[in-house]
Amino acid sequence: MKISIAIATYNGEKYLKAQLDSFAQQTRFPDEVIISDDCSIDRTLSIVEAFKAFAPFEVKILRN
């Protein structure tokens, strides 16, 4: 079974890091996390990029 997580973000820096970190702390990792950002103007994209650098699974980032 393949597990994919899809997240849509917009200026989500307040809670995003905790949410992403929770995926990396599960006993069964997802096979991929797909994050679609809708032109955030806060630090959302930098948080996502930092997470992608250390995530033990594939992270795809889509920028609208």
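From the N terminus on, the elements of the protein chain follow the order β-α-β-α-β. That gives two helices and three strands. The model is a predicted one. The radius of gyration of the protein chain is 11 Å, close to the 11 Å that the globule rule gives for 64 residues, so the chain is as compact as a globular protein of that length. Along the principal axes, the C-alpha atoms fill a box of roughly 35 × 20 × 15 Å.

Start with the strands. They form an open sheet of three, in the order β1-β2-β3, and the pairing is parallel. Why does one side of β1 and of β3 lack a neighbour in the sheet? β1 (4-9) and β3 (58-63) stand at the edges, and each has a single partner strand, so one side of each is left without a neighbour there. From one strand to the next, the twist averages 15°.

Now look at the pairing of β1 with β2. Strand β2 covers residues 32-37, and six bridges join it to β1 in the parallel sense. Ile7 gives an example: its bridge partner in β2 is Ile35.

Next come the helices. Helix α1 spans residues 13-24 and lies across β1 and β2. Its direction is at about 175° to β1. Helix α2, residues 44-54, also packs on the sheet. Helix α2 touches β1, β2 and β3, and its direction makes about 155° with that of β3.

Leaving aside residues up to four places away in sequence, Leu20 touches Ile7, Ile35, Ile47, Val48 and Phe51. Two of these names have come up already: Ile7 and Ile35 are the bridge partners in the sheet.

Finally, step back to the whole chain. Take the contacts between residues at least 6 apart in sequence: 78% of them join residues at least 24 apart. Buried residues make up 31% of the 64 residues. The protein chain exposes about 4,300 Å², and carbon and sulfur atoms supply 56% of that area.

Technical notes:
Residues are numbered from 1 along each chain as its sequence is written. This is a predicted model: local features need pLDDT of at least 70, side-chain atom pairs count only at pLDDT 80 or more; totals for chains, interfaces and linings use all residues. Side-chain values use heavy atoms; hydrogens and water are left out. Two strands pair if DSSP finds at least two bridges between them. Helices (H or I, at least four residues) and strands (E, at least two) are DSSP runs, numbered from the N terminus. Axes are lines fitted to C-alpha atoms, for helices over the stretch in contact, and angles run from 0 to 180 degrees between N-to-C directions. Contact means heavy atoms within 4.5 Å. The radius of gyration is taken over C-alpha atoms; the globule rule is 2.2 Å times the number of residues to the power 0.38. Buried means under 20% relative accessible area, exposed over 50%, partly exposed in between (1.4 Å probe, protein chains only). Accessible areas come from the Shrake-Rupley method with a 1.4 Å probe; for residues, only the protein chains shown count as cover.
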